[in-house]
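Please keep the structure open as you read.

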Amino acid sequence: MSAAITATNLRKTYGEVTALDGVSFTVAEGEVLALLGPNGAGKTTAVEILEGYRRADQGDIEVLGFHPATGGRRFRDRIGIVLQETGVEEVLTVREAVELYGLAYSRQRPVDELVSLVGLEEKGDSRIKTLSGGQRRRLDLALGLVGDPDLVFLDEPTTGFDPAARRKSWELVEGLTALGKTILLTTHYLDEAQHLADRIVVLSEGRIVAEGTPESLGSAQVVTTVRFSVPDTADLPAIGDGPEIGENRVTYRTTDPTADLYQLTRWATDRGVELAGLEVTRPSLEDIYLDIMEEADRAGARE
């Protein structure tokens, strides 16, 4: 599969501050990549370089076969950008704004189709100044998609959305990927990244500190928790990091859950013991992300 984005050894400084310190990653065509990290990690700088709004001090970049800073109109005709906030003349109606933005592109999605796609069909003739914050974010999505882009940059796309609106926006993103669109997503919602992203890159202080699929990210640190109750806690098997016993509730923590669960269930079957309330819990992406950031902070303190 061809790469829609290739970034190699990107470096960018602002005076004494290093925003990017040797960042390299690729995004395959049709892939959703989530770029995560705390404020100040370098996400915005990286995305603006890829969009062509900033130049890297060092490094090689190719986006859809172009260098973003010199690709000109042909490059911009193929990308869509959804910023955290878009400045649109508030006296325009929703349909008028979409029509106006569409004039900049050689191909445009039909206005009514797009307005419906982002859930604003009942607000199509309403002035933008009358829209709620969540409705304005939906309009931002529409404006980013009006040129039927091959590559979409989504910067915190669901900020201000209620849970129902967030779910609908996720369905929209999934629909875009089904059409073969490539998406670079930045978000502070870890459940959003886990739901939408094929791969995740985590930045901290301008460096990549983790990269992988939502399932494999930080796999060396992933500990699965196994909990259950038994009438008698004597003679429990020594597996994983345990057992921990509290009021007949037994807890094991393991990095090899398949093998350890096999031993545990065989132990229970051999003794005719029921593992009441058996729970097997893998850390959420948020748990893993926080562990990664803590380790990155410790590594930074040691340097």
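The model is a predicted one, so local features need pLDDT of at least 70 and side-chain atom pairs count only at pLDDT 80 or more, while totals for chains, interfaces and linings use all residues. Residues are numbered from 1 along each chain as its sequence is written, and side-chain values use heavy atoms, with hydrogens and water left out.

**The H5 and H6 pair**

- The axes of H5 and H6 come within 12 Å and cross at roughly 10°; axes are lines fitted to C-alpha atoms, for helices over the stretch in contact, and angles run from 0 to 180 degrees between N-to-C directions.
- Arg138, Leu141 and Leu145 of H5 meet Ala165, Ser169, Leu172 and Leu176 of H6, where contact means heavy atoms within 4.5 Å.
- By type, the residues of this contact of H5 with H6 are five nonpolar, one polar and one charged (Ala, Val, Leu, Ile, Met, Phe, Trp, Tyr, Cys and Pro count as nonpolar, Asp, Glu, Lys and Arg as charged, and the others, Gly among them, as polar).
- Helices (H or I, at least four residues) and strands (E, at least two) are DSSP runs, numbered from the N terminus.

**The largest cavity**

- Two cavities of 30 Å³ or more are counted; on a 1 Å grid over the protein atoms alone, a cavity is a set of points where a 1.4 Å probe fits but cannot get out, and lining residues have an atom within 4 Å of a point.
- The largest cavity holds about 60 Å³ of space, a volume being the space filled by probe spheres set on the points, with grid points joined across faces, edges and corners.
- Its lining consists of Leu117, Val118, Arg138, Leu141, Phe161, Ala165, Lys168, Ser169 and Leu172.
- Helix H5 (133-145) and helix H6 (163-178) each give at least two residues to this lining, and H6 has the largest share, with four residues.
- Six nonpolar, one polar and two charged residues make up the lining of the largest cavity.

**The second largest cavity**

- The second largest cavity has a volume of about 40 Å³.
- Val226, Ile239, Gly240, Tyr252, Thr254, Asp260, Leu261 and Leu264 line the second largest cavity.
- Strand E12 (249-254) and helix H8 (257-271) each contribute at least two residues to this lining, with the largest share, three residues, from H8.

**The four-stranded sheet**

- Four strands form an open sheet in the order E11-E12-E10-E13, with antiparallel pairing; two strands pair if DSSP finds at least two bridges between them.
- Strand E11 (244-246) and strand E13 (276-281) stand at the edges with a single partner strand each, so one side of each has no neighbour in the sheet.
- On average, neighbouring strands of this sheet are turned by 15° against each other, direction ignored.
- Strand E10 (residues 224-229) and E13 run antiparallel, joined by four bridges, and Thr225 stands opposite Thr281 in E13.
- H8 packs on this sheet and touches E10, E12 and E13, its direction making about 15° with that of E10.

**Strand E1 and its partners**

- Nine bridges link strand E1 (residues 3-14) with strand E2 (residues 17-28) in an antiparallel arrangement, with Arg11 opposite Asp21 in E2.
- E1 and E2 form a hairpin with two residues between them, and Gly15 in the turn has a positive phi of about 65°.
- E1 is also joined to strand E4 (residues 58-63), antiparallel, by five bridges; Asp60 in E4 is the bridge partner of Thr8.

Notes. On a 1 Å grid over the protein atoms alone, a cavity is a set of points where a 1.4 Å probe fits but cannot get out, and a pocket is an open set with protein on both sides within 12 Å along at least five of seven lines; lining residues have an atom within 4 Å of a point.
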